[in-house]
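Open the model in your viewer and colour it by chain.

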Amino acid sequence: MRLHHLISLANLDRDCISRLLDRAEHMRVDSHHGTRRLDLLTGRTVLNLFFEPSTRTRTSFELAALRLGANVVNFDIARSSTNKGETLLDTLHTLEAMHLDAIVVRHRETGTPEFMVRHAMSGVSIVNAGDGNHAHPTQGLLDALTIRQHHPDLATLKVTICGDILHSRVARSDIHALTTLGVRELRLCGPQSLLPAPTEVPGCILVEDFDAAIENVDVVIMLRLQKERMAATLLPDEAAYFEHFGLDTRRLSRAAPGCLVMHPGPINRGIEIAPEVADGAQSRILEQVGNGVFVRMAVLAEVLGR
Amino acid sequence: MRLHHLISLANLDRDCISRLLDRAEHMRVDSHHGTRRLDLLTGRTVLNLFFEPSTRTRTSFELAALRLGANVVNFDIARSSTNKGETLLDTLHTLEAMHLDAIVVRHRETGTPEFMVRHAMSGVSIVNAGDGNHAHPTQGLLDALTIRQHHPDLATLKVTICGDILHSRVARSDIHALTTLGVRELRLCGPQSLLPAPTEVPGCILVEDFDAAIENVDVVIMLRLQKERMAATLLPDEAAYFEHFGLDTRRLSRAAPGCLVMHPGPINRGIEIAPEVADGAQSRILEQVGNGVFVRMAVLAEVLGR
Amino acid sequence: MRLHHLISLANLDRDCISRLLDRAEHMRVDSHHGTRRLDLLTGRTVLNLFFEPSTRTRTSFELAALRLGANVVNFDIARSSTNKGETLLDTLHTLEAMHLDAIVVRHRETGTPEFMVRHAMSGVSIVNAGDGNHAHPTQGLLDALTIRQHHPDLATLKVTICGDILHSRVARSDIHALTTLGVRELRLCGPQSLLPAPTEVPGCILVEDFDAAIENVDVVIMLRLQKERMAATLLPDEAAYFEHFGLDTRRLSRAAPGCLVMHPGPINRGIEIAPEVADGAQSRILEQVGNGVFVRMAVLAEVLGR
């Protein structure tokens with residue numbers, strides 16, 4: 001069954017997620033690593049509706065759509081009528097009336113993409129590019145793809161996600177992707193105040209001590225620390241945060257040999273990750289960026305039915 | 001005779017306006033309601049030059065151009081040399097020297113597009129996307145198209161436009177379109193201070209009482225009230241404005257059965273229009289938005305000679 | 001030997017510069033003066049990375065890429081993660097990971113494009129759209145092209161560049177282009193405080209008196225005076241600057257008959273150039289703008305290997 005929207009990975013089963021990852025792999029091959037344009041979406045129109053600025057993610061979606069031959073329009077919301085008091089619903093219906101095929105939306109409030117799906121009146125596809133603390137499904141997919149490229153059998157893997165799990169939509173989507181794909185063990189690590197309640201993350205192991213959390217894992221995913229969350233950690237400063245929850249060479253040596261180092265970017269060098277680790281041989285950060293475009297191509301082709 | 005520019009509807013005769021509306025209808029059919037790209041303008045370049053921000057109108061023109069296969073460039077005037085003291089004339093000639101086919105211009109000052117036509121040195125086509133209080137010709141065309149789709153014979157229709165007529169380029173272009181197409185009766189309604197002098201709108205009926213103005217009409221076009229105009233109305237607040245000049249269900253019931261409700265958007269819910277009317281069965285607001293893209297496709301194809 | 005990057009004209013020999021100018025001429029003819037799209041770069045992606053806003057130059061590069069059939073993405077650096085503390089290097093590597101073919105970069109700091117070339121890990125081509133006071137190579141090429149169109153044999157020409165030579169990347173690139181192409185005489189004129197040391201511009205003649213500098217030259221290139229440099233000139237105001245270093249009809253009459261008047265734009269009318277000269281029969285300013293697009297098409301086709 002084809003997806004018409006992509007809002008969250010929470011409701012997708014293993015077959016569905018695997019099929020999206022397979023499509024992304026095919027996009028990589030068919031586009032010769034992004035150097036050739038496929039014409040799957042010629043004549044279709046994708047609109048980027050970013051209420052939160054994110055040049056990276058917007059650019060990744062824009063490249064994905066262009067490489068499939070689609071038209072892309074960036075709706076500059078900062079200058080639009082929503083600033084003149086127009087409601088989100090009126091913006092949605094106005095855009096739909098212009099006959100778009102897909103709207104890629106990012107919004108600081110949880111639930112905005114789902115709200116748009118519920119109220120859409122046309123056949124437009126909604127793709128979530130990140131909403132509040134809720135979900136960032138293409139990030140979850142690209143992280144899973146990156147891991148799968150190195151370890152085709154996820155059932156053998158131990159993975160740790162470290163940082164501000166509580167407020168991270170990246171973590172939520174990673175958790176959905178990785179548990180659905182059946183990783184052997186998923187550990188969540190961070191300051192206690194930034195960890196979710198155990199009941200919210202069934203099947204995951206919560207660990208406050210990063211040295212313990214990284215022990216023998218095959219993959220470690222570091223999260224970006226938003227500066228405004230520092231206070232909640234009860235740690236005095238960035239140096240203290242790094243000492244407790246930063247990934248440096250010493251700590252990485254506790255993980256399994258060849259442990260993959262991942263981060264959704266942009267990285268805070270010296271806050272959550274040491275430069276030598278970010279740039280080191282085990283870092284997969286740039287592979288994640290590259291996979292991001294292929295995953296978004298796959299998602300757009302999926303929801304637009306080609 | 002083909003148009004080379006579109007500045008105002010004031011000088012266009014009935015045949016010319018009808019031909020543009022016919023082209024827009026064809027664009028709708030040929031593009032399968034905007035889902036297919038026509039390649040009429042492949043290799044041609046359209047530049048959006050918006051001195052006033054308007055994400056909706058800019059996006060509508062951008063989609064229109066892309067759907068005809070043209071290249072579109074958004075010239076970000078807020079960051080351009082006009083801010084360093086470059087004159088409009090130098091900007092025009094510089095853009096012309098880059099060999100554009102069409103410039104779509106919006107400017108807060110009346111006459112800017114006409115000024116550009118007079119000073120253009122190349123074959124570039126100028127399309128007015130709204131200048132001061134003067135004209136918004138594609139809005140006038142899309143409103144006429146929307147009405148014509150429901151009532152092919154405009155000679156039988158009574159139409160009311162309500163709101164700040166005096167400062168509205170939408171009203172001016174609607175008046176030109178509808179009188180030229182020969183509507184039976186055109187009534188203009190609003191606070192006295194926001195109505196034009198009778199000599200400026202020959203053939204129109206000026207009415208201050210909205211209850212009288214809407215009596216038995218087939219179409220009512222509501223205008224957006226700019227907040228800064230509230231003072232001029234001598235009304236104490238938005239609630240009072242709505243009471244006198246807002247369109248609600250009770251008032252709409254005074255119009256002819258099936259009266260079309262139109263608004264150029266973005267709407268101020270509860271100020272000039274009640275939500276239940278804006279979203280009601282008689283509302284044609286979203287049809288207007290959809291027709292906007294087809295009208296702009298027709299206009300671009302016309303001025304670029306395909 | 002094909003260029004893979006274009007950072008400066010300093011290291012290019014006469015054959016290489018001539019070949020680029022020949023390509024630009026061919027682009028002009030093949031694209032029918034920019035009215036037809038060539039499909040040399042179909043499926044390739046060019047990203048504009050402008051740390052300094054420059055709508056004109058960005059638009060010129062955007063048009064050049066679109067006219068070759070490439071995809072173009074404008075990376076809005078003002079809203080990107082570099083504002084969240086991401087380093088230039090991380091931005092570069094992130095963009096590379098998205099598989100771009102070329103990055104067009106403008107930056108207020110000298111050496112940024114060169115830095116990017118040194119640290120690029122993929123095959124991405126870097127094109128300098130202006131860095132600090134250092135270089136603006138496509139401007140140097142378009143100026144040389146404009147002169148060559150009027151005077152195929154540059155060896156017979158006397159040229160004067162007038163204005164803030166010291167801080168001008170345009171002047172630097174013009175000097176490289178024109179000396180490499182072997183102009184007979186190149187004079188640099190400006191307030192003493194805005195002239196480079198003689199050892200920095202070997203082969204050029206430094207002149208403080210504009211009347212002497214313009215005497216009998218075939219080409220005069222006026223530079224834009226940045227307002228913030230006025231203080232350094234020790235001149236009291238713009239009128240005094242114009243009196244000493246402005247180009248008016250009287251002064252132009254001292255040059256050779258038919259002397260070409262050039263300016264990189266945007267012009268400050270009445271500061272460095274009189275309106276009647278900027279708009280006069282000898283002005284080549286708009287030809288420069290037009291040639292800019294063809295030169296950038298040639299450069300993109302060159303570095304992208306088509």
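Start where chain A touches chain C in this predicted model. Select the contact: 21 residues come from chain A and 19 residues from chain C. Stay on the side of chain A. Highlight α2 (55-67) and α11 (285-303); each supplies at least two residues there. Which element gives the most to this side? It is α2(A), with seven residues. Now colour this side of chain A by class. You get eight nonpolar, nine polar and four charged residues.

Next, compare the copies. Then try chain A on chain B. A rotation of 120° with 0.1 Å of shift along its axis superposes them, at an RMSD of 0.0 Å.

Now select α1 of chain C, residues 14-30. Show the buried residues: C:I17, C:L20, C:L21, C:A24, C:M27 and C:R28. Look down the axis of α1(C). The buried residues fall within an arc of 110°, so they line one face of the helix. What covers them? The cover includes α5 (137-150), α6 (169-180) and α11 (285-303) of chain C. Turn to the other side of α1(C), where C:D15 and C:V29 are exposed.

Finish just after α1(C). Select C:H32, which takes a positive phi of about 50°.

Terms used: Residues are numbered from 1 along each chain as its sequence is written. Chains are lettered from A and ligands numbered from 1 in the order in which they are written. This is a predicted model: local features need pLDDT of at least 70, side-chain atom pairs count only at pLDDT 80 or more; totals for chains, interfaces and linings use all residues. Two residues are in contact if their C-beta atoms, placed from the backbone, lie within 7 Å. Helices (H or I, at least four residues) and strands (E, at least two) are DSSP runs, numbered from the N terminus. Ala, Val, Leu, Ile, Met, Phe, Trp, Tyr, Cys and Pro count as nonpolar, Asp, Glu, Lys and Arg as charged, and the others, Gly among them, as polar. Copies are superposed by least squares on the C-alpha atoms of residues with pLDDT of at least 70 in both. The expected span of a helix is 1.5 Å times one less than its number of residues. A residue is buried if 20 or more other C-beta atoms lie within 10 Å of its own, exposed if 12 or fewer, and partly exposed in between; C-beta atoms are placed from the backbone. The arc is that of the directions from the helix axis to the C-beta atoms.
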